Amino acid sequence: MKKKPEEILKGLDYGHIYTTDVNHILEIHNTAKNHAKGRALELGSYLGHSTLAIAMAGLDVVVYDTDTSVEDKRKALLKDYKVEWNNAPSSEALNERRYFEFIFHDSDHGDGMIPEMVRLFNERLLKGGTMMIHDAELLTILNLLGQLEPHEHRSSWDGRGRQMLTIIKKL
């Protein structure tokens, strides 16, 4: 019997500190399902858990990540999915001409990333699309939200004290 995506995602190794908590991975998957058959932009992939969550939700994924130390592991994990790997910093995604239904940002963190996040949200995310930002507790969230086109947002916390910010661009 074939395993459900949630079972596969729960079965991954979450031991490394850089790895997003399983509950947030499941949240990414369930949110991305709202945009199935669309295109996703992921900034920061590390072991590929979030990439897999997005791909299993039915999206084609464009990834920007400079960490080559675990590149073989993440590419092996995603071998059955359509993923475009870019060995480049997240700032290079600002040169994208494509539009996305879903963006997951988990590369560099902190207020220095707000201009990048604002541009991606306002310029590359389609109306009705979703941007999720991991480690949002490291941001001045009101500063970020005040610069975004009309949106709705919510957040959740994981067991390690990390915040996931979900922002939906209004139609």
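Visitor: Is Tyr-46 buried or exposed, and at what relative accessible area?

Guide: Buried is the word for a residue under 20% relative accessible area, with exposed over 50% and partly exposed in between (1.4 Å probe, protein chains only). Tyr-46 counts as buried because its relative accessible area is 16%.

Visitor: What kind of model is this?

Guide: Residues are numbered from 1 along each chain as its sequence is written, and side-chain values use heavy atoms, without hydrogens and water. Local features need pLDDT of at least 70, side-chain atom pairs need 80 or more, and totals for chains, interfaces and linings use all residues, as the model is predicted.

Visitor: Where is Tyr-46 found?

Guide: Tyr-46 is not a glycine, yet its phi is positive, near 45°. The residue is found in the loop between β1 (39-43) and α3 (49-56).

Visitor: What is the phi of Asp-135?

Guide: Asp-135 is found in the loop between β5 (125-134) and α6 (141-145). Asp-135 is buried, with a relative accessible area of 9%. Although Asp-135 is not a glycine, its phi is positive, about 65°.

Visitor: Which element gives the most to the lining of the largest cavity?

Guide: A cavity is a set of points on a 1 Å grid where a 1.4 Å probe fits but cannot get out, and lining residues have an atom within 4 Å of a point. The structure holds one cavity of 30 Å³ or more, and the largest has a volume of about 60 Å³. Its lining takes two or more residues from each of β2 (60-64), α4 (71-77) and β3 (83-86). With three residues, the element that gives the most is α4.

Definitions and conventions:
1 Å grid on protein atoms, 1.4 Å probe; cavity = no way out; pocket = protein on both sides within 12 Å on 5 of 7 lines; lining within 4 Å. Points joined across faces, edges and corners; volume = space filled by probe spheres on them. Helix = DSSP H or I, 4+ residues; strand = E, 2+ residues; numbered from the N terminus.
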